[in-house]
Amino acid sequence: MMDTLLLLALNGLIWGLIIALIALGLSVIFGLLDIINIAHGDFFMVGTVLAWFVLEATGNFWVGFLIVPLICFILGALIQRAVIQPIRGAAALSIVATFGVSLILQEVVRMTFGATPRRILPPVEGTLSLFGIQYDIYRLYAAAFSIAALAAFFLFLNYTKIGTWMRAVRHDRETATAMGIPAKLIYVLTFGVGFALAGFGGVVAAPITTVDFRGGVDLLPVCFIAVIVGGLGNLPGTAAAAILLALMEGVIQSVANPTVARISSLVLMSAVLLLRPQGLFKGFAK
Amino acid sequence: MSETILRTENLTKRFGGLTATDNLSLNLAGGRLQAIIGPNGAGKTTLFNLISGLLKPESGRIFFRDRDITGLRPHEISRLGIKRTMQIKSVFNQLSVMENLWITRQASQRFLHPFRPASRDNATRERVEQTLEQVGMTALANRIAGTLSYGDVAMLEIGMALISDPKLLLLDEPICGMSPAETERAVEKIRELARRIDIIIIEHDMEVVFNIADDITVLAQGAILVSGDPDEISNNERVREAYLGRPEDEDYIEEAAHA
Amino acid sequence: MTASTNGRIAIERGVMVIFAAFLLTVPWTIPALINSFWVSVIAEILIWSLFAASANLLFGYVGLLSFGQALFFGFGMYGVGIGIDQLGLSFWPAFGLGIAASMAMALVAGVFAVRLTWHYFAIITVVFSLIFYFLAVSMKWLTGGDDGINFSLPPTFSFGSSQWSFADANFQYFFILATVAFCFFLMRLVIGSSLGKAFMAVRENDVRASLIGLNVYLIRLTAFVMAGFLAGVSGALFAFFGRYASATYMFYHVSGEGLVWAIVGGAGTLFGPIIGTTVFIIIREVVSTHWEHHSLIVGALAILVVIFAPKGLVGLWRETIDRLMASRAERSIPAKVRIES
């Protein structure tokens, strides 16, 4: 029993790290551009699919960590320029526009990758002895990569020029523009970064989940919940919320079947939303 | 009609570390046009927000004609007859001027009929047309509120406050942003209204304040500095001190003192 | 009201009469012109238009962005499905159960949800609908999960030996048409009423609304329950139409589709949901027979509409007609007056 609990808790924790990456991408888009990005789950899905294609083309999974986020970044920038920019971001319109993007992404994947779900074999097989259980080595790699990506993202946001510009535009668009920061460019970059984060999460997750053109649909609500429970505009909060939510669901799964676990964690989320609508983590809010 | 219209008892409101309203005990008599003035940050709009129920005080009570209205919700306070205009003009932007007034009038009804056409309400139609005339906006009746000039929006707000037969009118900087001609019109209107309705006005324009107010209360840092009639206020040293840094007000207070 | 707006309204009235006449003769004209399969497509469009209208009532008129309408659709659908299949109810009691269940659910959910500001409101509608989706999936014995339950339909009316039931395709079509038309009629009444004006006031400026004496919470809750009713009716009709109920239709994505149809058609207009739903479903049906990737067209259309017609297709129509009428009016004014104005 304890073994199952530990296993599921670790799985939940690692899955939470991956979701944190994806949810951060959503939070950045939502916080900066005020866009309700219905296609964000599909950004993740595209990441898993691209990881599969890279593996097929090069025989090397690891190189996907470099190539896929790059492709995703470019795609994100293109989508922002072509679709988001013309709308000037009214919430209703962004829902419809990103819904359209979502349909297109799913269909393009269905056309190229196909409709059958496929699995990627983990690039590293085998297990490691951890806290008395045998744990998949690849999942530990996944954790490491996720943590590295999270760290890199926060470093980028806080210590690079562009990252600072992004934070400035998020905080106060008008003053930032008045100070000479190219807001339009920042919007394009932000969308690209958001897609890239989700895509990176897709590569990390590809070997431990199925690669399927419908893979983004289930993920989307979780990401939005993490963004809102973590506190709108609160990036560290979003990451923390994602990890906690996934961990909680993993733990509940040790005593109940997955569906019940889903339902319980959803009920808990409703409680948070109703009782603390500002989110759980006010501390770091900007 | 010189009984108290509005009274607060030790009213306190804090925002985090900032005390916007500090143990405020106000006593405003009815039948006299009450003005509330003070430098920026004095807590004037916060006071209005507390009275109209948009904010809840940390402690203290608010009384409207001896009725405790502390903690009531905004629509309940509105139904008691307290109507207000906002510092940042706030109307229903995508509705026309006429529709704005119409819905305001119907909102004061207890029951909103879900099926009968709103436009068939002749009593409301009359009242709306009357109010349009009162505020001189009959020509603009079908204009969408969002397309109005700032001064016209302010006038619409006053119209909306009037159409529901207010017992107490709270005007928050009603002439801010108006042209001189609009200001004159508005001031006349306000003076006329003050004859039959109790009004409390927040205003920055000293000329207007000293022109129309019967009683002035000066707030600074959330508390009452001094209160009295225009003569007393204009001669008061502490008032001048509070306004240090606003030379145009200081000059005006000087002039008023020697008028 | 300007002359051009009056002209436009006259044109719209004319269009509606033609449209109504068309709908009344569908069971005969469509099979003659195309084929009878399209009669059921039109019936489906009517059902989903009602669903889109429920999202539109909340979003377009009250400013509440709900991703939860599929939940109430599902309650209406399963009210009928479970009512007939497991409880042995006949047509009208099952219909009543579906409607009552969806309205009750809307009331319960609304009491909590409607207090929240829009981001939290939107996400909690997703969460609520997911909770019940997973419940429906896990209670397969009752709901059939994603596979759903099939059932045969009891007659709608029986007088002695004669019966009217959905087995008769024409009766089915007209019943659906009548129900949907009635619901739209109710919507029209509400929108034109004082309550409807209050909805719009709350949408435009909820602070100002409370200051003029409107109980914003109660008004939002009322709208939420009304929208739950509409979604529930459409769910019940869906169950009657397909003799089928499935948890798939309770998934939040379905709510999203309804919302998109309403916005593309024209949020905040009575006919927006019908037009949006018609466009999307017809494209789906027409294109899918020739090309399996019709979703690409649907997605591209959604994007193009919001970029070029942000007020939806109805908004585009109105702007175009107004502009045409205005320029016609201008041309008929004598030159002297035109220069002065």
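Me: What share of the contacts in chain B with a separation of 6 or more comes from residues 24 or more positions apart?

Reply: In this predicted model, residues 24 or more positions apart account for 65% of those contacts in chain B.

Me: What makes chain B as compact as a globular protein of its length?

Reply: The globule rule is 2.2 Å times the number of residues to the power 0.38. For 259 residues the rule gives 18 Å, and the radius of gyration of chain B is 19 Å, which is close, so chain B counts as being as compact as a globular protein of that length. The C-alpha trace of chain B spans about 60 × 40 × 35 Å along its principal axes. The secondary structure of chain B consists of 10 helices and 11 strands.

Me: What percentage of chain B counts as buried, and what makes a residue buried?

Reply: A residue is buried if 20 or more other C-beta atoms lie within 10 Å of its own. By that cut-off, 43% of the 259 residues of chain B are buried.

Me: How do you know that the length of helix α10 of chain A agrees with its residue count?

Reply: The expected span is 1.5 Å times one less than the number of residues. For the 19 residues of α10(A), residues 235-253, that comes to 27 Å; the end C-alpha atoms are 27 Å apart, so the two agree.

Me: Why is α10(A) called mostly covered?

Reply: The test is again 20 or more other C-beta atoms within 10 Å. Of the 19 residues in α10(A), 15 are buried, and the helix is mostly covered.

Me: Which residues touch the most other members of the largest nonpolar core?

Reply: That core has 277 residues, and the ones touching the most other members are I19(A), I22(A), V96(A), C223(A), A226(A) and V127(C). Leaving out residues up to four places away in sequence, I19(A) touches V222(A), C223(A), A226(A), A242(A) and A246(A). A second, separate core has five residues, among them F271(C), I274(C), V314(C) and W317(C).

Me: How do you know that chain C touches chain A, and what is the class make-up of its side?

Reply: Two residues are in contact if their C-beta atoms lie within 7 Å. The contact takes 35 residues from chain C and 34 from chain A. On the chain C side, α5 (118-138), α11 (252-266) and α13 (294-308) each give two or more residues, and α5(C) gives the most, with 13. By class, this side has 28 nonpolar, seven polar and no charged residues.

Me: Which element gives the largest share of the side of chain C that touches chain B?

Reply: Here 22 residues of chain C are in contact with 30 residues of chain B. Two or more residues come from each of α7 (169-192), α8 (194-204) and α9 (206-211) of chain C. The largest share, eight residues, is from α8(C). The side divides into 11 nonpolar, eight polar and three charged residues.

Key. Residues are numbered from 1 along each chain as its sequence is written. Chains are lettered from A and ligands numbered from 1 in the order in which they are written. This is a predicted model: local features need pLDDT of at least 70, side-chain atom pairs count only at pLDDT 80 or more; totals for chains, interfaces and linings use all residues. Helices (H or I, at least four residues) and strands (E, at least two) are DSSP runs, numbered from the N terminus. Ala, Val, Leu, Ile, Met, Phe, Trp, Tyr, Cys and Pro count as nonpolar, Asp, Glu, Lys and Arg as charged, and the others, Gly among them, as polar. A residue is buried if 20 or more other C-beta atoms lie within 10 Å of its own, exposed if 12 or fewer, and partly exposed in between; C-beta atoms are placed from the backbone. A nonpolar core is a set of buried Ala, Val, Leu, Ile, Met, Phe, Trp, Tyr and Cys residues joined through C-beta atoms within 7 Å.
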